[in-house]
Amino acid sequence: MSQDIFPPRVRRWLFTTNHKEVGILYLVTALFFFVAAGLLALTMRTQLSVPDNHVLSETLYNQFVTVHGLLMIFWVLSPFAFGFANYIIPLQIGARDLAFPRLNAMSYWFYLFSGVAIIMSFIFGAPDLGWTLYSPQTSIQFSPSIGLNVGAAALILITVSITMSSVNFLVTIFKMRAPGMKLRNMPVFPWAILVTIFMMLYAFPSFLAAVLLLYVDRAFGTFYFSSIQGGALLWDNVFWFFGHPEVYIVLFPAIGLIADVIPTFARRPLYGSKYVIGSMIAAAIISFIVWGHHMFVTGIGLTSTKLYTVTTIAVSLPFDVMVIAMIETLIKARVKLKAAALFALGAIALFVIGGITGVYLASVALDHALRGTYFVVAHFHYIMVGGSIMGLIAGLYYWFPKFTGRMYNETVAKIHFGVSFIGFNILYFPMFLLLDMPRRIQTYAPDTGWGPLNSLATIGGFIFGGAQVLLFLNLFFSQRRGPPSGPNPWDGWTLEWSLPSPVPAHDFDTIPTIAEDGTYRFGNGSNYPNGSAHIDDSKVGNGLAYSHLEGMSPWPIVMAFAAFLFFLGLSIGQPSSPNPVSYKPFWPLIADGAILGVISLYGYSRERFSVHEESHVESWPFREVPNVKLGIWTFLGAEVIFFGVLIGAYFFVRTNSATWPAVGELFSIRNGFAMTLVLLTSSLTAIMALASAKIGSRNGLIAGLLGTLGLGASFLYIKATEWIELGTHGVFSVANGLPATSYFITTGTHGVHVVAGMCMTVYLLANTVRGRYTNGDYHAIEHFGLYWHFVDIVWVFLFPLFYLI
Amino acid sequence: MIKLNTTYLYLLVFAILVGGTDIEFNLATLQATIPYNYYVSILLGLAGMKAILIAMFYQHLKYEPRSLSSWVIIGLVIASLLMSLSFLQLHGH
């Protein structure tokens, strides 16, 4: 694809794969969505400012509430943090980029287009039932608007983006640290991102499976979440299994960032940094066993209630350790109260209030009283805005000189902090007192007495929102006309401050070496003591061959756009019949997306894009594992969770159903047996293909791949025959309910994986014919095999679950 | 211990996988004679055994560095624990 049709400046931003530019793209886009979601919030506050107000209709108010929540949680908080992570983490660990730069660019473009989709949902009637998307309100009967489908498509796209990012950062942090940068010496921010990634890898596949099931419920009339046998509870479980860890997913990067900022301005190391990291790990693990506290009023049983009360109180303890560590760092310190430090300190103070009020909600009795009220709204905004957004703004001021090479106006920044902090508390503190006012109501009667506190909150909202104008103006003018900052204006200790500002394209002229005592050294230069990291400018920025232009690729944006078109086409179709629901997708868009997707996949695979892997880097514990292989195994881990939730949903609907067809009644055991044998044989041919590649036998490799392809096709043929037969007998209909639909959705999702594997086989075959893979370069065959065998393993479980039990 | 030629090893694993599948298939005909809980446990146990064989030999996990195999096992254990907890919770309904 010719890239020359765009002017160089445009081309640079569209096709870049450089981690710093992708980081800036993330930051700018997240701030754009921050403004959009903030404007929605201000309109809502205007609506609520006085009783009996009608600035917004009920429907529009509900849409604003929902999209505000979704935007802030998915499109602002995490991407804001990952903008910093993109830019800063390779610098802090001494790497030249992320492990997979094109994948990183693709993550960004998926994120951007998913955001476009969620905003586009307003055209079709945006989701209007709260960010938790509770069932059965999401069913086609109660929410016929296709805007919810578009919202679901947006959530699928951003989940794909997050999964790609997680794999990329995990491999980068584990495998690309500079020599001597042991895990135990790593700064807290990369640690926070590492822990966040672990949570993402467990939480987001669960969410992806949930949204996928929601989507098929709406598109094909299945009953996962609308069945009277506990469908609503199934959604509660899978959603909150993701939803509670998500709170820490958006919080931890800010805490890690604050843990870098406070020591810098307090001029002393973080007190108990290892305990802070240990606490993050503990909180991450416990976060996966607290989701039931969101379901105290759903009748989950006394034992479960007790368990979740204990775990919810337990999860607060690691955060106590983190806060105490920050406070201990500050005791007797001469803190330089720059804007970054002020925002960091403010974030801790607000987070403490948010955290303590969260512990109240662990109490079943209080939860019954406070649940669904503005007390809860205040609590989580103190966490998410007070702790997370304020912390991230601290990062913006802290690293702005590194990004631009210029200083911002400190006075304006301090005013920004003061007005924000006051505005924030005027906005949210009155909500603690509105503990009898239900959330998500569009208006209220004058005799409720809620008017004055709501008016106060609205005034606070405008103060807080207006304060952000100062931020944008300050940063906008400063990046053009601010005084030069020099490489290290804060006397920071982490590695990024040893580089010039802005950082050159290739980051490091020579990869630094970190000594056991924390000092670091570039090439043959002298030691730079950890604590006064002044840079010798002559040693960096000499313009190595590794440049922005060489690292550009058009395919990430094309592929993301193709996925956007494809899912938009799936979303904006119309139900052709409401009862039973049958669906007519918008095929032209789907076809466009599919064709563009195939073209971009071809271009991506054919593009000459090499990633240089540094030797002698610190990569414990995966020193002997290649980057790509670690990435694939990590991705397969996410797939395990994804299929685990699909199978879990099947168990749920099955154990909650009064009747279920006997073995062999609905599905032919012989078909299942035949498909299992075919797929197992395909695993044998795939492993024989690898064995042939290793000994340099091209014919053996071709035979193995052809065998795998043919057996994959045979599997799909038997499957298609079975589906058609079942369809002919009317099995795939509402009348057959959950037994049929759970089968079709689970095995259909597996079938899509088989098709993807076959596409890979075709690609590998084409390259084999051209002479690749038999000269010691067999790794692509090995990586394909990992995926194919995984697909086989999934079927090994699906066979007994659907055909034999 | 006998060291098998790689090809023979792959074929042996394949034979065990097919044999396991055959046992599963034939068990279905005996379903009425086996208590249902035992029946389900045996089938899931067989499936688990087949999955482990595929992972160890076809995905080469047995021959990978300990760090990678531990990585996968720890991930699976955590995932299994979480899912078990989910099932317990769901069973409570």
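Two residues are taken to be in contact if their C-beta atoms, placed from the backbone, lie within 7 Å. The structure described here is a predicted model, in which local features need pLDDT of at least 70 and side-chain atom pairs count only at pLDDT 80 or more, while totals for chains, interfaces and linings use all residues. Residues are numbered from 1 along each chain as its sequence is written, and chains are lettered from A, with ligands numbered from 1, in the order in which they are written.

The average pLDDT (the predictor's confidence in each residue, from 0 to 100) of chain A is 91, and 94% of the residues score at least 70. Residues 525-549 of chain A, by contrast, have a pLDDT below 50, and this stretch makes 49 contacts in the model beyond near neighbours in sequence.

The interior of the model comes next. A residue is called buried if 20 or more other C-beta atoms lie within 10 Å of its own, exposed if 12 or fewer do, and partly exposed in between, with C-beta atoms placed from the backbone. A nonpolar core is a set of buried Ala, Val, Leu, Ile, Met, Phe, Trp, Tyr and Cys residues joined through C-beta atoms within 7 Å. The largest such core holds 275 residues, and those touching the most other members are Leu157(A), Ala210(A), Ile258(A), Phe343(A), Ala344(A), Ala394(A) and Tyr397(A). Its greatest contributor is helix α6 (residues 188-220) of chain A, which gives 25 residues; helices (H or I, at least four residues) and strands (E, at least two) are DSSP runs, numbered from the N terminus. Beyond its neighbours within four places in sequence, Ala394(A) contacts Leu257(A), Ile258(A), Val261(A), Ala340(A), Phe343(A), Ala344(A) and Ala347(A).

Two further residues of chain A show contrasting surroundings. Thr172(A), in helix α5 (residues 147-175), counts as buried because it has 27 C-beta neighbours inside 10 Å. Its contacts, leaving aside neighbours within four places in sequence, are Ile89(A), Pro90(A), Ala95(A), Leu98(A) and Ala99(A).

At the level of domains, an automatic or database domain assignment divides chain A into domain 1 (1-241 + 554-607) and domain 2 (659-805). The centres of domain 1 and domain 2 of chain A, taken over C-alpha atoms, are separated by 29 Å. Eight residues from domain 1 of chain A and seven residues from domain 2 of chain A take part in the contact between them. For residue classes, Ala, Val, Leu, Ile, Met, Phe, Trp, Tyr, Cys and Pro count as nonpolar, Asp, Glu, Lys and Arg as charged, and the others, Gly among them, as polar. On this basis, the side of domain 1 of chain A that touches domain 2 of chain A has four nonpolar, four polar and no charged residues.

Chain B brings a partner to chain A. The contact between the chains involves 45 residues from chain A and 39 residues from chain B. On the chain A side, two or more residues come from each of α7 (231-266), α9 (302-330), α17 (627-656), α18 (669-694) and α21 (779-804). That side comprises 29 nonpolar, 14 polar and two charged residues.

Chain B itself has three helices and zero strands, and 24% of its 93 residues count as buried. Helix α1 (residues 6-29) of chain B has 24 residues and spans 36 Å from its first C-alpha to its last, close to the expected 34 Å, a figure defined as 1.5 Å times one less than the number of residues. Its buried residues are Val13(B), Phe14(B), Leu17(B), Thr21(B), Glu24(B) and Phe25(B). Their cover includes α18 and α21 of chain A, together with α2 (36-58) of chain B.

Some backbone details round out the picture. The peptide bond from Ser135(A) to Pro136(A) is cis, with omega near 10°, and Pro136(A) lies in the loop between α4 (101-120) and α5 of chain A. Leu133(A), also found in the loop between α4 and α5 of chain A, has a positive phi near 50° and is buried, with 23 other C-beta atoms within 10 Å. Another cis peptide bond joins Trp620(A) and Pro621(A), with omega about 10°. In chain B, His60(B) has a positive phi near 65° and counts as partly exposed, with 18 C-beta neighbours inside 10 Å.
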